[in-house]
Amino acid sequence: MTAPPGRRERKKAATRQKIADTALRLFLERGYDAVGIRDVAAEADVAVTTVFSHFASKEALVFERDQDFEQRLVRAVADRPSDEPLVPALRREVQALVRHCTAEGSAPVRRLIEGSPALREYEESMSLRHAQALAAALAADPRLSRSATACRATARFVIDAYALACRADDPGATTDEVFGMIEAAWDSTAP
């Protein structure tokens with residue numbers, strides 16, 4: 001059991017969220033390219049150095065849940081019950097993540113990302129990093145015993161399933177269809 005966060009951690013988390021919320025509001029109001037880090041800092045009433053202590057780049061402000069996304073996928077592998085097969089655990093987690101990216105109010109953020117080459121590039125590099133982290137979790141799980149290639153390919157397919165579903169007219173059907181293919185591919189690599 002983990003201890004609840006202390007006052008300092010809660011304040012840091014609140015500051016981080018305030019900065020992210022402020023940045024997103026400004027980006028949506030004015031356009032991503034029209035807003036600088038100084039604008040975000042001024043509007044959030046923090047120093048520019050505070051923004052950079054929470055976010056490595058301007059692009060990271062848009063993807064403030066990046067680390068949580070990656071951790072959730074890794075935990076779906078590592079923390080699943082010993083009798084639960086891998087693919088259903090990953091499917092369930094991706095379905096939950098897709099519900100977030102397709103929730104009411106998410107369309108303006110998707111348009112913001114799609115309209116900015118810098119954000120699209122950042123999103124792609126994030127996807128590659130997430131796939132690497134997921135592949136490492138798959139390879140590290142002694143219950144799975146698959147090749148490194150199978151782990152890397154499966155991880156990439158899972159990340160792509162998320163991306164496809166977030167942009168689909170029917171996210172649930174897209175998730176189910178892609179995970180059907182993932183499951184068939186995963187099963188075909190069994191020793």
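The UniProt annotation "DNA-binding region", taken from an unreviewed entry, covers residues 36-55. In the predicted model, this segment is 75% helix and 0% strand.

Helix 9 comprises the 20 residues 148-167. At 1.5 Å a residue these should span 28 Å, and the end C-alpha atoms are 29 Å apart, which agrees. The buried residues of this helix are Ala150, Cys151, Thr154, Ala155, Val158, Ile159, Ala161, Tyr162, Ala165 and Cys166. They cover an arc of only 165 degrees around the axis and therefore lie on the same side of helix 9. An α-helix has 3.6 residues a turn, so residues three or four places apart point the same way. The cover over the buried residues of helix 9 includes helix 5, helix 6, helix 8 (117-140) and helix 10 (171-188).

Arg80 is located in the loop between helix 5 (66-78) and helix 6 (86-101). Its relative accessibility is 7%, under the 20% cut-off, so Arg80 counts as buried. The side chain of Arg80 forms a polar contact of 2.8 Å with the side chain of Asp141. A polar atom of the Arg80 side chain also lies 3.0 Å from the backbone oxygen of Glu84. With residues up to four places away in sequence not counted, Arg80 touches Arg75, Pro85, Leu86, Ala89, Asp141, Arg143 and Leu144.

Conventions:
Residues are numbered from 1 along each chain as its sequence is written. This is a predicted model: local features need pLDDT of at least 70, side-chain atom pairs count only at pLDDT 80 or more; totals for chains, interfaces and linings use all residues. Side-chain values use heavy atoms; hydrogens and water are left out. Helices (H or I, at least four residues) and strands (E, at least two) are DSSP runs, numbered from the N terminus. Buried means under 20% relative accessible area, exposed over 50%, partly exposed in between (1.4 Å probe, protein chains only). A polar contact is a pair of N or O atoms within 3.5 Å; within protein, one must be able to donate a hydrogen and the other to accept it, and residues adjacent in sequence count only if both atoms are side-chain atoms. Contact means heavy atoms within 4.5 Å. The expected span of a helix is 1.5 Å times one less than its number of residues. The arc is that of the directions from the helix axis to the C-beta atoms. UniProt positions are given in the numbering used here, feature names are shortened, and annotations may be inferred rather than shown by experiment.
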